[in-house]
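Trainee: I'd like to learn how to read a model like this one, feature by feature. Can we go through it together?

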Amino acid sequence: MDKPAFDDPDTTGQLKVATRIWPVVLMLAVAVSLAALASWNTIHSLAETNAITDGRAKARNSRMQLQRTLSLLKDIETGARGFVITGDARYLDPYHAAKAIFPKVYNDTKIQMTGSLPADFVWDELDRLVLLRDELAAQTVDERIQFGKSIVEEFALFESGKLTMDRIRTIVQQLDTHLEQYILMQNQRVVAARLRAEWTNLTLFATTLALIGLSVLLTLRERRLRLRLEDELREANSTLEARVAQR
């Protein structure tokens, strides 16, 4: 008896179907991987944005703390000058109040600005100038109490205080400008990070949808092929049965 004619079509058809299924499985695996990558990118971008915004907030707080430090120095300066010129003890109220809290505020400013300073900046000069400004203010107040209004004629003492305060203002302005530029740079980094995350996620999302869509199309195609192979198999079986019946 001849070998059944349907063996080869059946085996070949199953092999073809199995061969065509693996691209679908591969594309679905890649799509799942891309979806996971998109989730990771979102989390990573959020963490990066949070870190940048935290640095920006710290720089803004540093600017406010720096201006508060300068404001207290102005209170010390104007309070001492007002008392020396007028002899009115009421000018000493803001003077003493500023002197009482200035050391802590100044130290807090230095701590707050850690990590936000210019690369070549050191506190030595500003420390020296702040101490000198405080000592000159205290000296003018003490001499006004001891020697009366004649202290107003001591031009050199007032000029030294003015020059010291001018230099302090210059350094503070330089630090403030640096912080302002740092904040602007952080703003740009936040925008860039968000755009990068959006474009990356959009690309990954579009690629994932494309792979899923292609997988669906291939699956439908394989289903049509499988149905056609089943029809061919049924037809081959019918032909075989007819031949057997004839023999």
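Predicted model: local features only at pLDDT ≥ 70, side-chain atom pairs only at ≥ 80, totals over all residues.

Trainee: Which side chain does Glu-125 meet in a salt bridge?

Mentor: Arg-167, at 2.8 Å from N to O. Glu-125 belongs to helix H3 and Arg-167 to helix H4, so this pair ties together parts that lie 42 residues apart in sequence. Relative accessibility is 31% for Glu-125, which counts as partly exposed, and 33% for Arg-167, which also counts as partly exposed. There is a network too: salt bridges with shared partners join Glu-77, Arg-81, Arg-133, Lys-162, Asp-166 and Arg-169.

Trainee: How many salt bridges does a search of the whole structure find?

Mentor: It finds 12. Asp-108 is partly exposed at 27% relative accessibility, while Lys-104 counts as exposed at 58%.

Trainee: Now rings. How do I describe a pair of them?

Mentor: You give the distance of the centres and the angle of the planes. In this model the count comes to 3 aromatic pairs. For Phe-102 and Tyr-106, the centres are 5.6 Å apart and the planes are at 10 degrees, so the pair is stacked. Both residues lie in helix H2, 4 residues apart, about one turn again, and both are buried.

Trainee: What about the rings of Phe-121 and Trp-123?

Mentor: Their centres are 5.1 Å apart and the planes meet at 85 degrees, so you'd call that pair edge-to-face. Trp-123 counts as buried, at 13% relative accessibility. Ring pairs link Phe-102, Tyr-106, Phe-121 and Trp-123 into a cluster.

Trainee: And the nonpolar residues?

Mentor: In soluble globular proteins, nonpolar side chains tend to be buried together. The largest nonpolar core in this model has 28 residues, and the members touching the most others are Tyr-95, Phe-102, Leu-126, Val-130 and Ile-168.

Trainee: Which elements give two or more residues to this core?

Mentor: Helices H1 (7–86), H2 (92–112), H3 (124–147) and H4 (155–246). H1 supplies the largest share, 8 residues. Apart from this core lies another, of 6 residues, including Met-27, Ala-31, Ala-38 and Leu-204.

Trainee: Which residues does Tyr-95 touch, leaving out those up to four places away in sequence?

Mentor: Asp-75, Ile-76, Gly-79, Ala-80, Ala-137, Ala-138 and Val-141.

Trainee: How do I check the length of a helix such as H3?

Mentor: Compare the expected span with the distance between the end C-alpha atoms. At 1.5 Å a residue, the 24 residues of H3 should span 34 Å, and its ends are 34 Å apart, so the two agree. Among the buried residues of H3 are Leu-126, Val-130, Arg-133, Glu-143 and Arg-144. After H3 comes Gly-148, with a positive phi near 75 degrees.

Trainee: Can we finish with two threonines?

Mentor: Let's take Thr-109 in helix H2. With a relative accessible area of 1%, it is buried. Beyond its neighbours within four places in sequence, Thr-109 contacts Gln-65, Leu-66 and Thr-69. Then there's Thr-207 in helix H4, which counts as partly exposed at 35% relative accessibility. The side chain of Thr-207 reaches the backbone oxygen of Thr-203 at 2.7 Å. Thr-207 and Val-30 are 177 residues apart in sequence, yet their C-alpha atoms are 9.6 Å apart in space.

Technical notes:
Residues numbered from 1 in each chain as written. Heavy atoms only, no water. Core = buried A, V, L, I, M, F, W, Y, C linked by side-chain atoms within 4.5 Å. Buried < 20%, exposed > 50% of the residue type's maximum accessible area, 1.4 Å probe, protein only. Contact = heavy atoms within 4.5 Å. Phe/Tyr/Trp six-rings, centres within 6.5 Å; stacked < 30°, edge-to-face > 60°. Expected span 1.5 Å × (residues − 1). Polar contact = N/O pair within 3.5 Å; in protein donor to acceptor, adjacent residues only side chain to side chain. Salt bridge = Lys/Arg side-chain N within 4 Å of Asp/Glu carboxyl O.
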